[in-house]
Amino acid sequence: MGKIGTAGNKGKSIRSDCFITLEITNSGGIKIDLQSKVKSLFGDSIVKLCKDNLKFFKIKNAKITIEDTGALDFVIVARIEAAIKQCIDTDKEYLLDVISQNKDHTGKDQNRRSRLYLPGDTPKLFMNAGIHRPDGIILDLEDSVAPLKKDEAKILVRNALRSVNFYGAERMVRINQIPKGLDDLEYVVPHFVNLVLVPKCESAEQIQKINEKIEKILKEKKLNYPVYLMPIIESALGVIKAYEIASAAENIVALAIGLEDYTADLGTQRTIEGEESFFARCQVVNAARAAGIQPIDSVFSDVSDMEALKNVVLESKSLGFEGMGCIHPRQIKVIHESFAPNDREIDKAKKIVNAFYIATEKGLGVVSLGSKMIDPPVVKRAQKTIEQAIETGKLSKDWRYDHEI
Amino acid sequence: MKSKMIKNAIGRIIPTEINRKPAIPFQGVGKYKPTGRKFAPKISTCTNYPLDGNKQVPSLKEALIKAGIKDGMTISTHHHFRNGDLIAVEVFKIASDLGIKNLMWFPSASFPCHEPIIEYLKDGTIHHIEGSMNGPLGRFTSLGNMKGMGVLRSHGGRYQAVQDGEVQIDIAVIAAPTADPFGNANGVEGPSACGLLGFALADSQYADKVIVVTDNLIEFPCIPWQIHGNYVDYVVKMEQIGIPEKIVSGTTEITKSPDRLLIAELTAKFCEEAGLIKNGFSFQAGAGGTALSIGVFFSEIMRRKGIKARFARGGSNKYLVEMLDEGLVDYILDGQTFDLEGVRSMRENPNHVYTSPFTSYNYHGKGNFAGIVDIVILGATEVDLNFNVNVVTHSDGYLLHGIGGWQNCLFSKNVILPIPLFRDRIPVIKDEVTTICGPGELIDIIVTERGIAINPLRKDLIDKMKDSKLPIKPIQQLKDEAERICGKPKPAEFEDKIIAAIKWVDGTVIDVVRQVKE
């Protein structure tokens, strides 16, 4: 009997996935046993894809069982590749074409109010993640993936980065803790990832190691696009070193806090009031602002309580945070609405932006409101407030027509 | 006469005969207008019945024998107990024990609990089914195992077929949660309470013999008498006629799926922006998780704008009852009660009114109630580029669902189908649906998680929504989007044998279902 590889998931609650059992044999050619509820509709194309995949890895004799629950092509080939790599040593990668939407780059300052976590080994959650319009999606390789599934998840996440349309959401991946996370980069950096989340970050040195690896990969693959970083502060040491981390590199665009691990590290419990993490949150906001990047809050874990989430977001906003993590798509709307500027903020921003326009129209170098001079960063901030107000429907696009000067 | 194949008005090839009786091809919506007189039951004489009004018979078996059960008869039962029905299977078990053959089962709907009926289809007790073939029965039928050809009708179509004599019921067995010895019966009281008995109304009026079966026999009078004892021949008291927790579920809840909630939210937003939610409007939403959520979103809009609906059509459940209690709707006109709150409300609130297919969707009526309803929310297994819709078969060709009131509701002013763009990896929008159950001209709006398609015939809606920020897209674009994600499925393959006919609301044949190639 030859080597046997297995990959994927099966069971009652599993959908849009498949479970592969692959046995490399010495003779007899390729034997495919496909069990699928979409067999009559997609059976031929699944078998063809499977044969093509095996041929790519130069496997001539194998018995393969596919237990399919409606997996899309990018999932099927990820599972087969994972099973193959348990049987043979190879660096080859079976890659599907990248969809055009997934070659887009994102901006350093763009909105990062919501980022939706997607467990990296659960493909059924991938397809519809983007339709809920989060600012970003996170394909997670860290805590939401079981240790034994890490290798498969890397391949699946790589394929998702190429094949799944996230409808304009920033494509983020949370790698594993450094040093293990450095290997993950090989699976994400060449595949147009926009941003890498660095968990349990505790030093500028970790950031440097990551950036060295990113640069090496991009150079080898002759690729050239920005890969941003969002370190996550999740320990007492991380909190102390927050500014050192936030200012460690040019491509760091945001600094996030992870409160589950942080409170555990402190030896305390996470509470709704959050007094235990007040210092840490203020420190992260302060460090991020000092480094000129976005401060991002932790996740709120009660997915059924939208009223409590709203209160948490409003508090988070009042501390200076610009975004939060989401573990359920229904949280996105509440987060966007609660981070949106309020009427007073919009009013003030309108006055500033209007003064800026007037100054520009008159060719003045200095923007002033009444007798006060307005600094450029304040104008920039006010412009962002206006953008968010328009986006959340709180302000008309044509607000300047109605604006009283 | 030998059956031939002809093309009907919607382009489907159908036989001219079904189970050796002539079949009329679909001629277009509202085109077929039969004349003559309605079917009439035999004249009965009250002196043939006990003067003391006691029509009790010791057992169902005895009642069936007294009713003259014999080979080739048509026996009807009803689905008020949904998946908790114990009576239909019992009837055919008795028939099989008596050695009766070639019966036609005429249920108002079938459920997975009716799987044991397969045994009586196999042993020849039942020749074929006219009603619905759900789940296991559908699979059995799809594999070509039923002797005769199945016939699927809508709830309204069932009433039409009974009224114009297309189906003549020999024995109707009505399972009633509460009844008196005279045969008056209702669904609002008793351990098997299900709300109403509307689906049995036609059977009580037109069947040759009517048997009422109950597990809650009370003294005369049984009030309200949803089924009137004057139509009833025999009354049987049994230990148990249904499984309460499977009849009504206390846990019908709005969906937790974020994707379905998004579809529900988009549907409600569309209705609001299109001006369909206005004072005095009316709507019908079903019992599925998505439909329930749409009701909840409607409530929020109505509260915010201070709008009241004149009536809501049930399928009622606790969410609809809350709207009635809160004063958001004046009346619930109910065709089916889905949970215990619905049953309670119907029992206690005079504005929660029970209806039957006669009230709601009667093709031979003098007017059509369905046309009065402003918004109706329906489901679908497939939709095609012409907005034709399939609700009975899946894309792999298997017959798995009945029509229910679906076809009848299409006559409402705005027919909306909130459906996911694909299920597992099976796209819902096709070039052509596997089976046509409803012509596209009657379907107005498709709402999916990836966009909303408005039927080009609804120029008024397109015009109203032209500045909307909602993702309104041509249906072709939605189809392309699904196929980019899922791939294009191979069409299902069929044998030549026709296993079931799909009737339109007027009794004509709109399509057929063929045996699935294994």
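Predicted model: local features only at pLDDT ≥ 70, side-chain atom pairs only at ≥ 80, totals over all residues.
I started at B:Y231, which counts as buried because it has 21 C-beta neighbours inside 10 Å. My cut-offs for that: buried means 20 or more other C-beta atoms within 10 Å of the residue's own, exposed means 12 or fewer, partly exposed is in between, and C-beta atoms are placed from the backbone. Residues are numbered from 1 along each chain as its sequence is written, with chains lettered from A and ligands numbered from 1 in the order in which they are written.

**Around B:Y231**

I found B:Y231 in the loop between β13 and β14 of chain B. Helices (H or I, at least four residues) and strands (E, at least two) are DSSP runs here, numbered from the N terminus. What does B:Y231 touch, leaving out residues up to four places away in sequence? I get B:S204, B:Q205 and B:V210, where contact means C-beta atoms, placed from the backbone, within 7 Å. I also checked B:P191: it is 40 residues from B:Y231 in sequence and 24 Å away in space, C-alpha to C-alpha.

Next I looked at β13(B), residues 209-214, and six of its six residues are buried. B:K209, B:I211 and B:V213 point one way, B:V210, B:V212 and B:T214 the other.

Which strands pair with β13(B)? Pairing needs at least two DSSP bridges between two strands. β10(B), residues 171-176, pairs with β13(B) in the parallel sense over six bridges, and B:I171 has B:K209 as its bridge partner. β14(B), residues 234-237, also runs parallel to β13(B), with four bridges; there B:T214 partners B:K237.

**Chain A overall**

I counted 14 helices and 14 strands in chain A. Its radius of gyration is 24 Å, close to the 22 Å that the globule rule gives for 405 residues, so chain A is as compact as a globular protein of that length. The radius is taken over C-alpha atoms, and the rule is 2.2 Å times the number of residues to the power 0.38. Of the 405 residues, 46% count as buried.

**The sheet in chain A**

I traced an open sheet of four strands in chain A, order β1-β2-β4-β3, with mixed pairing. β1 (4-8) and β3 (30-36) are the edge strands, each pairing on one side only. β1(A) runs antiparallel to β2(A), residues 18-24, with five bridges, and A:G8 stands opposite A:F19. Helix α1(A), residues 39-56, packs on this sheet, touching β3 and β4 (62-68), and its direction makes about 145° with that of β3(A). For that angle, axes are lines fitted to C-alpha atoms, for helices over the stretch in contact, and angles run from 0 to 180 degrees between N-to-C directions.

**Helix α10(A)**

Which residues of α10(A) are buried? I list A:L309, A:V312, A:V313, A:S316 and A:K317. They cover an arc of only 135° around the axis, which puts them on the same side of α10(A); the arc is that of the directions from the helix axis to the C-beta atoms. On the other side, A:E307, A:L314 and A:S318 are exposed. The cover over the buried residues includes β11 (294-299), β12 (323-326) and α11 (330-339) of chain A. Just after the helix, A:G320 takes a positive phi of about 115°.

Key
Contact = placed C-beta atoms within 7 Å.
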